[in-house]
Amino acid sequence: MNDLQAVPAFVALGHQVRLDAFRLLVRKGPEGMPSGEIAAELAVPPTAMSFHLANLERAGLVVSRRDGRNIRYAVAIERVRDLITFLTADCCGGRPELCAGLGSPDPESCGC
């Protein structure tokens, strides 16, 4: 990942509703959840939620799939790992032990 790839992700997360939706989807894991349930849980009108989810998807942070009549969203785990690795690549001025685990989360501990 480089700066040009990372910036859209940071811009997308720079809005409270999108950050809340992203964090909710991180908690839900690979199964994700339907857009209507995300909107209801965050108390956001469904049309506004669709706009925000599309923004997160364009930034590569979430993926969508049709599930019957619903669209189900889930966090794009590999992209998020790439973003975390990008953020911590030069961690701690040559003292990587201070940042242990930040760039490579343990899949067993996060349920990924």
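Contact here means heavy atoms within 4.5 Å. Helices (H or I, at least four residues) and strands (E, at least two) are DSSP runs, numbered from the N terminus. The model is predicted: local features need pLDDT of at least 70, side-chain atom pairs count only at pLDDT 80 or more, and totals for chains, interfaces and linings use all residues. Residues are numbered from 1 along each chain as its sequence is written, and side-chain values use heavy atoms, with hydrogens and water left out.

Select residues 35-42 and 46-58, which are helices α3 and α4. Ser-35, Ile-38, Ala-39 and Leu-42 of α3 meet Pro-46, Met-49 and Leu-53 of α4. By class, this contact has 6 nonpolar residues, 1 polar and no charged ones (Ala, Val, Leu, Ile, Met, Phe, Trp, Tyr, Cys and Pro count as nonpolar, Asp, Glu, Lys and Arg as charged, the others, Gly among them, as polar).

Next, colour the largest nonpolar core, a set of 23 residues. Such a core consists of buried (under 20% relative accessible area) Ala, Val, Leu, Ile, Met, Phe, Trp, Tyr and Cys residues joined through side-chain atoms within 4.5 Å. Phe-22, Leu-25, Ile-38, Met-49, Leu-53, Leu-56 and Leu-61 touch the most other members. The largest share of this core, 5 residues, comes from α2.

Now centre on Phe-22. Apart from neighbours within four places in sequence, Phe-22 is in contact with Leu-13, Leu-56, Leu-61, Val-75 and Val-80.

Finish at Val-11, in helix α1 (residues 3-13). The C-alpha atoms of Val-11 and Leu-56 are separated by 9.4 Å, with the two residues 45 apart along the chain.

Definitions and conventions. Axes are lines fitted to C-alpha atoms, for helices over the stretch in contact, and angles run from 0 to 180 degrees between N-to-C directions. Buried means under 20% relative accessible area, exposed over 50%, partly exposed in between (1.4 Å probe, protein chains only).
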